[in-house]
2 protein chains.
Amino acid sequence: MSDAPELTTQTVEDIGEFELIERLARFFSGSAAVVGVGDDAAVLDLGGADYVLASVDMMVQDVHFELRDADPGIIGRRAIASNVSDIAAMGGEPTFALTSLALPGTCPVDFVDRLYEGLIHEARLTGTGIVGGNITRTSGPICIDVTILGRVPKAEVVLRSGARPGDVLAVTGTLGGATADRLIRLSSREDKPFRASWTTGQYPIPIPRVAVARRLAERRLPQAMLDLSDGLAGDIRHLCRASKVGAVIYEDRLPISSRTRAIAEDLGVTPVSLALSGGEDYELLMAFSSDDLAAAHEAAGDVPLTVIGDVVAAIGAVTLVAESGDHRELPPSGWSHF
Amino acid sequence: MSDAPELTTQTVEDIGEFELIERLARFFSGSAAVVGVGDDAAVLDLGGADYVLASVDMMVQDVHFELRDADPGIIGRRAIASNVSDIAAMGGEPTFALTSLALPGTCPVDFVDRLYEGLIHEARLTGTGIVGGNITRTSGPICIDVTILGRVPKAEVVLRSGARPGDVLAVTGTLGGATADRLIRLSSREDKPFRASWTTGQYPIPIPRVAVARRLAERRLPQAMLDLSDGLAGDIRHLCRASKVGAVIYEDRLPISSRTRAIAEDLGVTPVSLALSGGEDYELLMAFSSDDLAAAHEAAGDVPLTVIGDVVAAIGAVTLVAESGDHRELPPSGWSHF
């Protein structure tokens with residue numbers, strides 16, 4: 001055909017995910033959304049008492065999961081859980097989800113059945129109704145796209161953009177565990193000698209922090225919040241950019257489990273590097289006024305809440321303070337998709 | 001890893017798209033949705049005065065579009081237009097859309113820019129705000145998944161399930177045009193002799209029938225409605241199954257443009273076969289009480305509305321009546337994705 005597009009040779013790989021998303025942000029101005037692109041979920045006023053939250057995330061075979069590593073049910077559970085985590089990060093609770101699958105014709109029907117069992121299982125656990133099930137053919141890898149809808153009382157929505165200099169930064173749970181598991185899977189494939197006790201046949205299923213996020217949000221405690229899907233080093237930059245602030249992170253305060261520390265030692269890497277650059281922990285990163293910290297700990301209840309740093313005025317600067325007191329700029333080596 | 005899934009050898013290709021969707025329907029019971037899976041869009045009560053409509057549809061490179069055939073902007077426009085059509089088919093109007101892209105690293109940045117220009121252009125034309133822009137990497141074909149949200153006053157939502165024996169069946173516009181264009185593209189690749197005047201370098205962009213559907217729905221005229229995305233032969237079955245009815249279609253009443261008739265002649269196929277088995281016309285198929293037909297024609301205004309058949313009691317039977325008066329069962333040869 002004569003109208004074949006003439007395209008320049010620069011590829012998405014050349015410019016990377018974050019620059020690509022920034023390039024595209026210019027297209028998204030002017031919608032009637034309360035918050036459109038740029039937070040964990042869009043915030044929509046559809047005429048009800050609550051805001052409607054909406055987010056979408058795709059998992060692609062060989063990028064986000066590998067068939068040989070995971071039961072299809074686990075893949076399904078992860079697909080819902082990671083999306084529910086985006087709703088939690090707005091202070092909301094999930095309501096409905098739509099699933100869209102691209103499947104090669106050779107995909108076993110059993111895979112699809114078991115994938116859906118996982119999707120539905122996790123949806124029930126999180127109070128989410130699955131209301132759409134688009135399926136299409138592909139010549140390539142399996143793609144699992146989940147759109148999640150949620151709700152949050154209008155006064156309680158928590159954005160990424162509310163952090164102010166002087167706030168403290170805190171995270172739920174522990175960091176680096178998902179990356180430790182990923183590195184074990186990679187190492188065991190290469191037949192590297194490895195402690196048998198670390199062997200894991202499955203991807204971990206994140207537990208979306210909906211309940212604790214709701215308790216904090218209904219008390220209006222977090223100034224800003226997001227979920228750690230790409231890794232602290234990358235995600236802290238999203239918070240800083242949205243809030244027009246900088247951050248100081250103290251290495252020795254990062255909550256890292258003893259299991260993750262032991263795996264790091266076996267792998268010959270520092271535990272801090274796993275906590276910073278690993279993704280998929282799906283813990284919450286929040287900024288609190290220091291006056292609200294005691295109330296936040298109380299509201300968090302059994303969920304560990306650890307202060308890891310401070311919000312500072314220097315826009316976009318993220319400083320890492322080592323145990324020795326040495327300072328260095330934190331490289332943004334979170335998980336990039338390209 | 002030891003927990004590699006044990007799967008039977010039956011594939012999705014073996015059972016086909018419609019059986020696969022029926023298999024999965026059992027997973028979708030019990031959600032709090034007013035209508036979940038099985039209509040053009042899910043119908044959700046999120047506490048506002050209107051119902052919220054939600055639908056998702058994925059376009060995959062080499063299945064739904066080919067890079068050599070289309071400007072990326074046209075692909076983007078089609079992705080939004082086809083989704084808006086699903087909202088129109090419920091009697092609603094679109095509000096917001098979320099886009100999710102899987103891109104190979106080698107994809108030109110220009111492609112993504114121009115795709116988004118098309119997405120945004122069509123979104124503006126249809127009054128849709130794009131509020132999400134997930135991007136991920138893939139080793140396979142480009143996937144463009146669009147989730148669309150819409151709204152409809154609660155009393156005016158039109159489902160597939162309301163057709164009753166004695167109703168008449170009508171369609172908007174003309175049928176078979178999109179398939180005629182597809183066959184031209186395929187033929188011209190094979191260097192078949194073909195009238196130059198048919199050559200088309202672009203996919204047609206469907207015009208979603210939002211305005212006419214709203215005018216009909218607000219007068220509560222359609223008993224049942226859906227959009228013709230897979231082709232009349234396949235889509236009539238969706239209406240019959242949902243409404244637990246059968247249908248009789250009269251060949252000589254099918255609205256087919258003179259251009260489509262001429263292309264059919266050139267290709268050596270019957271115009272009726274293009275109208276029945278071709279997909280992507282995105283016209284509306286509706287059932288009306290015969291008492292409402294005059295009002296429907298008036299409400300349709302400039303949009304052609306053509307009666308093509310009758311709703312009958314024989315559940316699931318679709319009969320095609322030829323000009324000669326001969327009857328035959330209509331094979332369900334709509335567009336299947338596997």
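In strand E2 (residues 50–60) of chain A, A:Leu53 is the bridge partner of A:Val43. The pairing of E1(A) with E2(A) is antiparallel and comprises three bridges; two strands are taken to pair if DSSP finds at least two bridges between them. Strands (E, at least two residues) and helices (H or I, at least four residues) are DSSP runs, numbered from the N terminus.

The model is predicted, so that local features need pLDDT of at least 70 and side-chain atom pairs count only at pLDDT 80 or more, whereas totals for chains, interfaces and linings use all residues. Residues are numbered from 1 along each chain as its sequence is written, chains are lettered from A and ligands numbered from 1 in the order in which they are written, and side-chain values use heavy atoms, with hydrogens and water left out.

**The sheet of chain A**

E1(A) and E2(A) belong to an open sheet of five strands in the order E1-E2-E5-E3-E4, with mixed pairing. Strand E1 (42–44) and strand E4 (129–137) of chain A stand at the edges with a single partner strand each, so one side of each is left without a neighbour in the sheet. From one strand to the next the twist averages 20°; angles run from 0 to 180 degrees between N-to-C directions, and axes are lines fitted to C-alpha atoms, for helices over the stretch in contact.

Strand E3(A) pairs with E5(A) in the antiparallel sense and with E4(A) in the parallel sense. The table lists bridge partners in these pairings.

| Strand pair | Bridges | Residue | Partner |
|---|---|---|---|
| E3(A) and E4(A) | eight bridges | A:Leu98 | A:Gly132 in E4(A) |

Ten of the eleven residues of E3(A) are buried, and the strand is mostly covered. Buried means under 20% relative accessible area, exposed over 50%, and partly exposed in between (1.4 Å probe, protein chains only). Helix H3(A) lies across strand E3 (93–103), E4 and strand E5 (143–153) of chain A, and runs at about 170° to E3(A).

**Chain A as a whole**

Chain A has nine helices and twelve strands. Its 338 residues include 60% that count as buried. Of the contacts in chain A with a separation of 6 or more, 83% are between residues 24 or more positions apart, where contact means heavy atoms within 4.5 Å.

**Backbone exceptions**

Most residues other than glycine have a negative phi. A:Asp62, which is not a glycine, has a positive phi of about 75°. A:Asp62 is located in the loop between E2 and helix H2 (72–88) of chain A and counts as partly exposed, at 45% relative accessibility. A:Tyr282 likewise is not a glycine and has a positive phi of about 55°. This tyrosine lies in the loop between helix H8 (271–277) and strand E9 (284–288) of chain A; A:Tyr282 counts as buried, with a relative accessibility of 9%.

**Packing between the chains**

Helix H3 (residues 109–125) of chain A packs against helix H2 (residues 17–25) of chain B at an angle of about 30°, and their axes are 10 Å apart. On the side of H3(A), the contact is made by A:Val109, A:Val112, A:Asp113 and A:Tyr116, and on the side of H2(B) by B:Leu20, B:Arg23 and B:Leu24. Five of these residues are nonpolar, none is polar and two are charged. In this classification Ala, Val, Leu, Ile, Met, Phe, Trp, Tyr, Cys and Pro count as nonpolar, Asp, Glu, Lys and Arg as charged, and the others, Gly among them, as polar.

A further arrangement between the chains involves helix H1 (residues 12–25) of chain A, which lies across E3 and E4 of chain B and runs at about 165° to E4(B).

**Chain B**

The open sheet of chain B has five strands in the order E1-E2-E5-E3-E4, and its pairing is mixed. Its edge strands, which pair on one side only, are strand E1 (42–44) and strand E4 (129–137) of chain B. Strand E3 (residues 93–103) of chain B runs parallel to E4(B), joined by eight bridges, and B:Leu103 stands opposite B:Arg137 in E4(B).

B:Glu323 is found in the loop between strand E11 (318–321) and strand E12 (327–329) of chain B. With a relative accessible area of 68%, B:Glu323 is exposed. Residues up to four places away in sequence aside, B:Glu323 touches B:Glu251 and B:Asp252.
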